[in-house]
Amino acid sequence: MARALQLARKGLYSTHPNPRVGCVIVADGELVGEGWHVRAGEPHAEVHALRQAGERARGATAYVTLEPCSHYGRTPPCAEALVKAGVGRVVAAMQDPNPQVAGNGLERLRSAGIEVASGVLEGEARELNAGFIKRMESGLPYVRAKLAMSLDGRTAMASGESQWITGPAARAEVQRLRARSSVVLTGADTVLMDAARLTVRGAELGLDAETTALALQRPPLRVLVDGRLRVPLDAPFFQAGPALVVTVVAGCEETYRRAGHEALVLGQERVDLTSLLRELAARGANEVLVEAGPRLVSAFASLGLIDEYQLFMAAKFLGSSARPLLELPLERMSEARELKIVDIRAVGDDWKILARPAN
């Protein structure tokens with residue numbers, strides 16, 4: 001199963017909106033077939049592994065990181081493919097949270113006389129597909145907030161100058177975060193202040209050529225939250241390619257459509273962020289990366305919409321007049337937002353802290 005998970009991770013940048021899945025087939029103690037899901041609409045991991053195993057799949061054990069599908073989508077059900085191949089045993093890391101599957105795949109295998117087990121390395125499997133699982137279970141995507149700060153918790157000088165707080169290694173890490181995401185979301189302040197494009201730059205990913213090519217074939221949807229339409233259409237953000245603008249200004253849709261973009265009106269006084277996330281999930285977004293200023297990130301945080309913080313910390317001080325990491329007007333210690341630190345590691349000359357809300 002560890003090998004199957006390793007294979008599944010090869011699809012980290014390309015399977016959207018599908019989950020990342022790997023499969024290994026073992027016969028008489030020997031690995032005879034393996035595969036991984038590359039992109040939506042193409043064969044699933046089980047099919048690739050069965051093709052490689054051929055006749056040796058009969059009576060073999062298939063290890064798969066997600067319950068084999070049992071429904072017809074853009075590809076036939078993998079549970080049927082395993083039955084036809086005559087495998088003797090199937091071990092799944094976890095049950096598929098997709099209501100169209102949700103145990104039906106494993107039940108189909110059992111009804112065909114195939115021995116079934118599940119729950120092997122389930123924690124690792126769930127971590128790999130946290131966005132897909134959350135979308136299936138709650139109708140919301142998994143939201144990451146990326147923040148860069150100094151040692152004294154500042155994100156920009158008082159003037160707004162912020163490039164660059166962190167070094168090249170940290171910026172490459174952010175490029176990989178963008179590439180794995182279904183959506184990269186930002187706000188008007190960030191776009192206006194930094195002339196941000198929020199694109200994935202292949203040369204900065206630090207990945208092998210094959211993986212880079214896959215990542216660039218499926219760039220994330222770039223979403224701009226611009227309640228009052230302050231960002232002009234000739235801004236670098238819009239010149240970098242099609243984008244979705246979310247606003248409260250009605251009647252602007254045609255203007256953006258003619259410019260090659262899409263406008264979505266959500267809310268009245270301010271953009272309804274919860275409705276926005278539900279809309280993105282309905283479009284198949286598993287993972288949303290929020291790269292924005294302290295106000296917009298704080299708005300997401302105040303609504304309890306952030307699942308994970310990716311904090312990049314540089315070994316420098318920006319001073320007391322510099323801008324804070326978040327704008328959370330808390331007054332008492334009892335109001336403090338508690339986080340659970342999951343991981344801390346060096347990234348070049350900087351540090352990366354992965355933290356999640358404690359509750």
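Is glutamate 291 buried or exposed, and what is its relative accessibility? At 7% relative accessibility, glutamate 291 counts as buried (buried is under 20% relative accessible area, exposed over 50%, partly exposed in between, with a 1.4 Å probe and protein chains only).

The views below show a predicted model, in which local features need pLDDT of at least 70, side-chain atom pairs count only at pLDDT 80 or more, and totals for chains, interfaces and linings use all residues. Residues are numbered from 1 along each chain as its sequence is written, and side-chain values use heavy atoms, with hydrogens and water left out.

View A. Glutamate 291 lies in the loop between β12 and α13 (helices, H or I of at least four residues, and strands, E of at least two, are DSSP runs numbered from the N terminus). In an unreviewed entry, UniProt lists Ser162, Arg178, Leu198, Arg201 and Glu291 under "binding site"; UniProt positions follow the numbering used here, feature names are shortened, and annotations may be inferred rather than shown by experiment. Leaving aside residues up to four places away in sequence, glutamate 291 touches Lys146, Val174, Arg178, Val184, Leu185, Thr186, Thr190 and Leu198 (contact means heavy atoms within 4.5 Å).

View B. The UniProt annotation "active site", from an unreviewed entry, covers Glu46. This residue is placed in helix α2 (residues 45-53). Glutamate 46 counts as buried at 3% relative accessibility. Residues up to four places away in sequence not counted, glutamate 46 touches Cys23, Val64, Leu66, Pro68, Cys78 and Leu82.

View C. Strand β4 (residues 89-92) and strand β5 (residues 115-118) run parallel and are joined by 4 bridges (strands pair if DSSP finds at least two bridges between them). Valine 90 stands opposite valine 116 in β5. With helix α4 (residues 104-111), the strands β4 and β5 make a right-handed β-α-β unit; right-handed means that, with the strands pointing away from the viewer, the path from the first strand over the helix to the second runs clockwise.

**View D. The buried face of α4.** Gly105, Leu106 and Leu109 are buried in α4. Seen down the axis of α4, its buried residues fall within an arc of 100°, so they line one face of the helix (the arc is that of the directions from the helix axis to the C-beta atoms). The buried residues of α4 pack against α3 (78-85), β4 and β5. Glycine 113, whose phi is positive, near 85°, follows α4.

**View E. The salt bridge of arginine 356 and glutamate 127.** The side chains of arginine 356 and glutamate 127 meet in a salt bridge (2.5 Å, N to O); a salt bridge is a side-chain nitrogen of Lys or Arg within 4 Å of a carboxyl oxygen of Asp or Glu. Arginine 356 lies in strand β16 (residues 350-357) and glutamate 127 in helix α5 (residues 122-128), so the pair ties together parts that are 229 residues apart in sequence. Arginine 356 is buried, with a relative accessible area of 18%, whereas glutamate 127 is partly exposed, at 43%.

**View F. The salt bridge of arginine 180 and glutamate 287.** Arginine 180 forms a salt bridge with glutamate 287, with the closest N and O atoms 3.0 Å apart. Arginine 180 is in helix α7 (residues 168-180) and glutamate 287 in strand β12 (residues 287-290), 107 residues apart. Arginine 180 is buried at 16% relative accessibility, and glutamate 287 is buried with a relative accessible area of 2%. Salt bridges that share partners join Arg20, Glu127, Arg144, Arg180, Glu287, Glu308 and Arg356 into one network.
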